[in-house]
There are 4 protein chains.
Amino acid sequence: MIIQLTNSITEEQKVNLFERLNKNKFAINEVNTQLEKYLVCIGKSEIDIREIGHLPGIKDVHIVSDSYKLVSKKWKVKDTSIDLGNNVFIGKDVPSIMAGPCSVEGESQIDKIIAHLNQQNIKILRGGVFKPRSSPYAFRGLGIDGLKMMYEKCKPHNIKIITEVMQVSQIEEMLPYVDVFQVGARNSQNFNLLDALGEIDKPVLLKRGVSGTIEELLSSAEYVFSKGNEKLILCERGIRTFETAYRNTFDINAIQVLKEKTHLPVIADPSHGVGIRSFVPKLALSALLSGADGIIYEVHEKPEEALSDGQQTLNFMESALLVEKIKLLYRSFNFN
Amino acid sequence: MIIQLTNSITEEQKVNLFERLNKNKFAINEVNTQLEKYLVCIGKSEIDIREIGHLPGIKDVHIVSDSYKLVSKKWKVKDTSIDLGNNVFIGKDVPSIMAGPCSVEGESQIDKIIAHLNQQNIKILRGGVFKPRSSPYAFRGLGIDGLKMMYEKCKPHNIKIITEVMQVSQIEEMLPYVDVFQVGARNSQNFNLLDALGEIDKPVLLKRGVSGTIEELLSSAEYVFSKGNEKLILCERGIRTFETAYRNTFDINAIQVLKEKTHLPVIADPSHGVGIRSFVPKLALSALLSGADGIIYEVHEKPEEALSDGQQTLNFMESALLVEKIKLLYRSFNFN
Amino acid sequence: MIIQLTNSITEEQKVNLFERLNKNKFAINEVNTQLEKYLVCIGKSEIDIREIGHLPGIKDVHIVSDSYKLVSKKWKVKDTSIDLGNNVFIGKDVPSIMAGPCSVEGESQIDKIIAHLNQQNIKILRGGVFKPRSSPYAFRGLGIDGLKMMYEKCKPHNIKIITEVMQVSQIEEMLPYVDVFQVGARNSQNFNLLDALGEIDKPVLLKRGVSGTIEELLSSAEYVFSKGNEKLILCERGIRTFETAYRNTFDINAIQVLKEKTHLPVIADPSHGVGIRSFVPKLALSALLSGADGIIYEVHEKPEEALSDGQQTLNFMESALLVEKIKLLYRSFNFN
Amino acid sequence: MIIQLTNSITEEQKVNLFERLNKNKFAINEVNTQLEKYLVCIGKSEIDIREIGHLPGIKDVHIVSDSYKLVSKKWKVKDTSIDLGNNVFIGKDVPSIMAGPCSVEGESQIDKIIAHLNQQNIKILRGGVFKPRSSPYAFRGLGIDGLKMMYEKCKPHNIKIITEVMQVSQIEEMLPYVDVFQVGARNSQNFNLLDALGEIDKPVLLKRGVSGTIEELLSSAEYVFSKGNEKLILCERGIRTFETAYRNTFDINAIQVLKEKTHLPVIADPSHGVGIRSFVPKLALSALLSGADGIIYEVHEKPEEALSDGQQTLNFMESALLVEKIKLLYRSFNFN
C-alpha cells in the first residue's frame with residue numbers, strides 16, 4: 001500500500017497515522033522525494049483503504065500488488081516525463097534521441113560529434129568516461145577529466161550529457177557535469193550505487209542487467225525512487241541468450257511489458273541490443289514503433305577507429321539517415 | 001561449392017564433371033529441385049572455380065563458405081518469392097498476411113473467419129488440424145476431416161491454406177488440401193519430416209525451434225531444399241530464455257540476420273512471439289519494420305472461447321485494426 | 001485422478017463406473033498397458049475418492065495434481081525397474097552402464113567394442129545407426145543394415161542394444177533387433193513418434209530436449225505411457241544455455257528433481273552433457289552420486305578416428321578406468 | 001606474456017627491460033602482489049621469450065594465450081592454496097567447508113551455529129551482514145555491528161569468517177573482522193569493488209555472476225590479482241537458465257573447466273546452486289567429486305524461521321549428516 005501525504009501534514013497527524021498503521025502491523029517506509037512525500041507500507045494484514053483515505057494530511061492511497069510499488073503503473077497511471085531543462089524532455093510525445101561515442105577519446109572527437117548532433121537537432125550526448133571492461137588491461141576511459149572536457153564543449157550548445165557512473169564515490173565529482181547518470185547493465189543490481197543515486201536530484205537511467213528480468217529492473221528502479229529520486233528512466237539493451245549470431249538478444253517484448261507495468265519512460269539501446277552496425281537503424285525504429293520513448297545509440301566520426309565498440313557504432317551519415325527515418329515514422333504513423 | 005547445371009547437360013558432360021570433382025576429393029550431392037539442377041560439393045581441397053565454370057553443361061559456380069549452401073544468400077543474391085497461385089505471393093514487395101485460429105474447431109467458426117479474411121482482403125488462412133500439445137490429454141485437433149472442411153470453404157474464395165504437418169505419414173493425405181505445409185517449432189529438427197517435405201512440390205514454412213539457433217534453422221531449410229523443394233519460407237516465433245513475463249522472447253534481431261544470410265522469405269509470428277494478445281499488433285508492426293516479409297497471427301471470433309491459445313489470439317476488431325496499421329505503415333514509410 | 005482397474009473388471013462394472021465419472025464431467029482416458037488397466041480422468045470438479053475406491057473392479061484410486069499423471073511419483077511411490085532379460089535391469093540397486101560408439105561404423109569396430117564391453121562386464125551396447133545431423137550433407141549412419149549387423153554380433157554375448165529411432169516408419173523394421181528404443185533430444189516432443197512407441201512392448205529411453213524443461217520431459221513420458229507402454233527410462237543429457245566453454249550444460253539438479261517427481265529410472269549422458277572427453281568420467285560419477293540410476297556414454301577404440309562425436313568419446317582405457325571408479329564408488333559409499 | 005621479476009631487480013635492470021618491451025610495442029602492466037612482482041605485457045607483436053628470459057632480474061617468462069593472464073594455469077601450473085591461519089586452508093588436499101546462516105540475526109543464533117561448527121570440526125563460518133536484496137523493502141542485514149558481534153564470538157574458537165562485501169566504502173571498516181571477503185553474484189562485474197579488493201591483503205572469494213560466463217569469472221579474478229592480491233578463491237553458485245523447477249542451474253561442468261583453466265581454488269555453493277534444501281547434500285557431494293576444493297552452504301538452527309533463504313538452508317542434523325558423508329567420500333574414494 002502506498003499513502004501519499006500532503007506537504008502540509010502536521011507531526012500530530014503523522015503520529016496518528018503511524019499508530020494506526022502499526023496496529024495493523026505494517027512495516028512503514030517513509031519516502032521523501034524531490035516532489036512528494038509517501039509512505040510505502042508492507043504487510044500481510046488487509047486494511048480498508050477508505051478508513052485511511054479521508055484522514056487529514058493524506059492526499060491519496062492505493063493498494064499496489066506488485067513487489068515494486070512507487071514505480072508501478074498501478075500507483076501512478078499517467079506516464080512520467082523527465083525535464084532536463086532548456087526544453088529537453090525524456091518521456092514526452094516526441095522521441096528522445098541520445099547519441100554519441102562509446103568512449104570519450106579527446107577534444108577533436110567531441111567537437112565533431114557536437115557538430116553532428118547540432119546538425120541533426122539531437123539534444124543529448126552520450127559518452128563514456130568511466131568504462132566497465134571485462135579485462136583489467138583494456139582501455140578504461142578518460143575519467144573525470146574527460147567528463148569536464150565534454151561538459152565545457154556541450155554547455156555553449158545547451159547539449160545535455162548522459163554518462164555512466166560506476167561507483168558511489170564518483171557521484172559527487174561528476175554531479176556538476178552530468179545531466180543524466182547512467183547505471184550500466186553490470187551494475188543493474190549494485191544496490192549501494194542505486195541507494196546513493198536515490199539521494200541526488202539528477203535523473204538516472206537504469207539499464208537492464210545482462211540477464212536481468214523485467215521485474216528485477218523495476219525493483220532496481222524502486223531502490224532509487226524509494227531513496228528519494230523520482231527522476232528515473234529505464235533502458236532495454238538486450239539480454240544474454242544461447243544465440244551467438246549477434247551480441248545480445250534485444251528483447252522487443254520488454255518495451256511493451258515495461259510500458260504497461262510502469263509509468264517511467266522506457267528507452268531502447270539498439271547499439272548494444274544487436275551489436276552489429278548495419279542492424280542498428282531498423283532495430284531503433286522497431287523499438288520506437290513498439291512504444292519506446294526514445295533511443296540511445298553509438299555514433300563516431302570513424303567507427304572503425306573507435307577505441308571501443310566500433311563494430312556497433314554508426315558513422316555520421318548512417319546516424320543522419322536514422323534521424324530522418326525516425327522523423328518520417330513519427331510524422332506518418334499514428335502511434336495510438 | 002555449388003555448381004548449377006544447365007537442364008540440357010548431357011550424360012557425358014556430367015560424367016566428365018564428376019571425374020574432375022572426384023579427383024579433388026569432393027563429396028558430391030546431386031540436387032534436382034522443381035526448378036533447377038545443382039551439385040553441392042563438400043570438400044576440403046581448394047579448387048579454382050574458373051577451371052570448372054567454363055565447362056559445357058554448367059550454368060553457374062560459386063564457393064559458399066556457410067555450412068548451409070543452397071539457401072545461402074552467398075549463392076543466390078536475389079530474394080526468393082513464393083507463388084501460391086491466384087496472384088498470392090510470399091516474399092514480394094507487399095507484406096504477406098496469414099491469419100486464422102490456432103485450431104480449426106468447426107464449420108461455423110471457419111465461415112466467420114473466412115468472412116473476416118475477405119473483409120480484410122487477407123488471402124491466406126492459417127488453422128491447425130493436427131495440434132502438437134505438451135500433454136497427451138489435451139485437445140489434439142480435428143485431423144484430416146477438419147482440413148477437408150477448411151478446404152471446401154476456402155476454395156470458392158481463392159483463400160490459401162497454411163497448416164501444420166506433424167509427421168511423414170500425414171503428407172500424402174494432406175497434399176490436395178494444403179497450400180503451405182507448416183513445420184512447427186518442436187519439429188524444427190525432425191529431419192525425416194524435412195527430407196519428406198523436400199520431395200513434394202508444395203511450399204513449406206519452417207518455424208525456428210524453441211531454442212534453435214539461426215544457423216540451425218538455415219540448416220533445416222537446407223534439408224528440404226537439398227531434397228528437391230526450393231519453395232521455402234522461414235518463420236521467427238520467439239525463443240526460450242530466462243524471462244517469464246511473457247510466453248517467448250521474440251528475437252527481433254533474427255529478422256535482420258536471416259534477411260542478410262538467406263534469400264528465402266522470412267515471416268514473423270507475433271502471436272507465439274509474445275503470447276499476450278494486447279502486445280501482438282505492435283510486435284507485428286515492429287517485425288515488418290525490421291524487414292519481415294509477412295506475418296502469421298492468430299485470430300478468432302471469440303478468443304476467450306477458443307479451444308487453444310486464446311490468450312494470444314486477436315478478435316476480429318483487433319485484427320482489422322492491425323491490418324489498417326500495416327497498410328498505413330507501408331503507405332507512409334519508405335522501407336529501403 | 002487415476003483409477004487402476006482390476007484385470008477381472010466386468011463390462012457392467014465398467015459401464016457403471018463410466019456413468020458415475022461422466023456425471024462428474026470427467027474426461028476419461030482409458031489406458032491399457034502391457035501390465036495394467038487404468039483410467040486417467042481429467043476434470044475440474046472435485047470428487048471424494050472414497051466414493052469410488054470401494055466399487056467392484058477397482059484396484060486403486062489417487063488424485064494426482066501434476067499435469068503428468070501415470071509417470072508421477074504421486075501415483076506410484078515405488079521406483080520402477082525395467083527388465084531387459086538375461087538378468088539385465090535398468091533402475092535396480094546397481095548402476096546401469098550403457099556404452100558404445102556414437103555411430104556404428106563397421107564389423108571390426110563392433111567386434112572390438114563388444115570385446116571391451118565383455119571385459120568390463122558392461123551388458124548394454126549403445127550405437128547409432130540412424131543419426132540426426134544438423135547438416136543434410138553429414139554422415140547419417142549405416143541404417144537398418146548396421147543395426148542387423150550389430151544385433152548378430154551382440155546376440156551370442158547376451159549384450160543388449162540401445163539405439164536411436166528417428167521416425168514412426170522405422171519402428172517395425174527395428175523392433176526385432178532392439179532392446180531399448182532411444183528417442184533423441186531433437187525428437188523429445190515428436191508426439192507422433194511418442195504415440196507410436198507407446199504401442200509397442202519394448203523399453204523406451206527418452207532424452208530431455210535441448211531446451212526442454214523437466215516438466216516437458218515428464219509430459220513426453222506420459223505420452224508413451226498413456227498409449228500403453230510402461231517401460232520407460234528418462235535421460236538427462238545437458239541443456240542449452242549461454243555458456244560456450246563446453247557443448248551442453250549438464251543439469252545435475254535435474255537428476256534429483258526427476259527422482260523426486262517420477263518413479264521412472266533416470267539415466268545420465270555425460271558424453272553429451274559436457275562434450276569434452278577429459279571431463280566425462282567425473283561428470284558420470286557426479287551424476288551417479290546425485291542419484292542417477294545409470295549412465296550412457298560414448299566409447300571408441302580410437303576416438304580421434306570416429307566418424308562423429310570423437311571429441312567427447314572415451315577410449316578403452318579411459319572407459320575401463322571409469323568402470324573401476326564406479327565400482328569403487330558403489331562399494332564404498334553409502335547412497336541412502 | 002607474463003614476466004616474473006626477482007625481488008632484487010635493480011632500477012637499471014628494470015629500465016633496460018622496459019625499453020626492450022616498449023620497442024616491441026607491448027603495453028606493460030606492473031603488478032606487485034603480496035608475494036611477487038610481475039609484468040603483464042599485452043601486445044600483438046611476437047617476441048622470442050628466450051631473448052628475455054636470461055636477462056638479469058627476471059625469474060620466469062611465459063606466453064599466456066588466454067585473455068586472463070595471472071590467474072591462468074598456463075602461467076602457474078601448481079594449484080594455489082590459501083592460508084587463513086591457525087592451520088585453516090582453502091585449496092589443500094582436504095575439502096574446505098564453510099557453513100552458516102544466510103543472514104546474521106543475533107547473538108543467540110551465532111552461539112548455536114558456532115557450537116554446531118565446533119561439533120562438526122568446521123573451521124569457517126559464513127554469515128551475511130550486508131545483504132543484497134532485490135527489493136529495497138526487504139531485510140538488509142545487521143551491518144557492521146552484526147559483523148563485530150560475529151567476530152567476538154568466533155575469535156575464541158579460532159573460527160574464520162567469510163562474509164559479503166557490497167561496496168568499496170565498507171572494506172576498511174570490515175577489514176579487522178573478516179578472514180575472507182566474499183563478492184556476491186550481483187557484484188561479479190563491479191570492477192571498482194574488484195580493484196579495491198586487489199589492494200588489500202585478505203583473501204577474496206568471487207562468486208560467478210548469475211549469467212556470467214566462466215571466462216568472465218576468470219577476468220574478474222584477474223582484476224583483483226592484477227591490483228596486487230593473489231589470495232583468490234572462485235565459487236560456482238548456479239546460473240540462470242530457462243528451467244524453473246529450482247532456483248538456479250548448478251553448472252557442474254564449470255567445476256572441471258575452472259580447475260583446468262586456473263590455479264585458483266574452486267568452491268561450490270550448493271545452497272544457491274539448487275535452492276531446495278533436500279537437494280543440497282547430494283549436490284555438495286557431486287561438486288566435490290567433480291573436483292571442487294570445498295563447499296559453502298547455508299545452515300540454521302531452525303531454517304523455517306530464518307530471515308532469508310530458509311527454503312535452501314540445512315538444519316543442524318542435515319548439516320552433520322552432510323559432513324559425515326563428505327568424510328566418507330574422501331576416506332574411501334580415490335580422487336586422482
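This is a predicted model: local features need pLDDT of at least 70, side-chain atom pairs count only at pLDDT 80 or more; totals for chains, interfaces and linings use all residues.

1. A salt bridge is taken here as a side-chain nitrogen of Lys or Arg within 4 Å of a carboxyl oxygen of Asp or Glu. By that rule the structure holds 87 salt bridges over all chains. In one of them the side chains of B:Glu301 and B:Lys112 meet, with 3.2 Å from N to O. This pair joins distant parts of the chain, 189 residues apart: B:Glu301 lies in the loop between strand S14 (294-298) and helix H11 (316-332) of chain B, and B:Lys112 lies in helix H3 (residues 107-120) of chain B. Helices (H or I, at least four residues) and strands (E, at least two) are DSSP runs, numbered from the N terminus.

2. Residues are numbered from 1 along each chain as its sequence is written, chains are lettered from A and ligands numbered from 1 in the order in which they are written, and side-chain values use heavy atoms, with hydrogens and water left out.

3. The interface of chain D and chain C draws 39 residues from chain D and 39 residues from chain C into contact (heavy atoms within 4.5 Å). About 3,400 Å² is buried between the two chains, and carbon and sulfur atoms give 63% of that area. Buried area is the accessible area (1.4 Å probe) that two parts lose on being put together, summed over both. Across this interface the rule finds 2 salt bridges. C:Glu243 forms a salt bridge with D:Arg208, in which the closest N and O atoms are 2.8 Å apart.

4. Within chain C, the axes of helix H7 (residues 214-226) and helix H8 (residues 252-261) come within 11 Å and cross at roughly 45°. Axes are lines fitted to C-alpha atoms, for helices over the stretch in contact, and angles run from 0 to 180 degrees between N-to-C directions. H7(C) and H8(C) are therefore oblique to each other; angles under 35 degrees count as roughly parallel, over 145 as roughly antiparallel, 65 to 115 as roughly perpendicular and the rest as oblique. C:Ile214, C:Leu217 and C:Leu218 in H7(C) touch C:Ala254, C:Val257, C:Leu258 and C:Lys261 in H8(C).

5. In chain D, helix H3 (residues 107-120) packs with helix H4 (residues 144-154) at an angle of about 35°, their axes being 10 Å apart. From H3(D), D:Glu107, D:Ile110, D:Asp111 and D:Ile114 meet D:Met149, D:Lys153 and D:Cys154 of H4(D).
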